[in-house]
Amino acid sequence: MQEIFAGMPWWIKWVAVPVIALVVFGGLIASVVGFVIGLLFKLLVFVALVGGLIYVGRKFMSNSSSRSDW
């Protein structure tokens, strides 16, 4: 591979080849990035919901135990 690029100008190595790669694989790259961002968002929502549920559960348990003390 190095022999192929050895005689090429710099703009083919550093501009043309990456642009062609983005055109060919751009949809795949966008799909992977979108999937990862969607997965992170779902994970964040899950953590927030579980944290809220734990907060409500602890609040409910502390209120019910304080009422039984009366």
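Mentor: Let's start with a term: helices (H or I, at least four residues) and strands (E, at least two) are DSSP runs, numbered from the N terminus. Keep in mind that this is a predicted model, where local features need pLDDT of at least 70, side-chain atom pairs count only at pLDDT 80 or more, and totals for chains, interfaces and linings use all residues. Residues are numbered from 1 along each chain as its sequence is written, and side-chain values use heavy atoms, with hydrogens and water left out.

Trainee: Okay, which helix holds Val45?

Mentor: The protein has two helices and zero strands. One of them covers residues 10-68, and Val45 sits in that one, helix α2.

Trainee: Is Val45 buried, partly exposed or exposed?

Mentor: Buried means under 20% relative accessible area, exposed over 50%, and partly exposed in between (1.4 Å probe, protein chains only). Val45 comes in at 35% relative accessibility, so the label is partly exposed.

Trainee: And what about Ala6, buried or exposed?

Mentor: Ala6 belongs to helix α1, residues 2-6. Its relative accessibility is 59%, so Ala6 counts as exposed.

Trainee: What is the radius of gyration of the protein?

Mentor: It's taken over C-alpha atoms, and the globule rule is 2.2 Å times the number of residues to the power 0.38. A compact globule of 70 residues would be near 11 Å. The C-alpha trace here spans about 90 × 20 × 15 Å along its principal axes, and the protein's radius of gyration is 27 Å.
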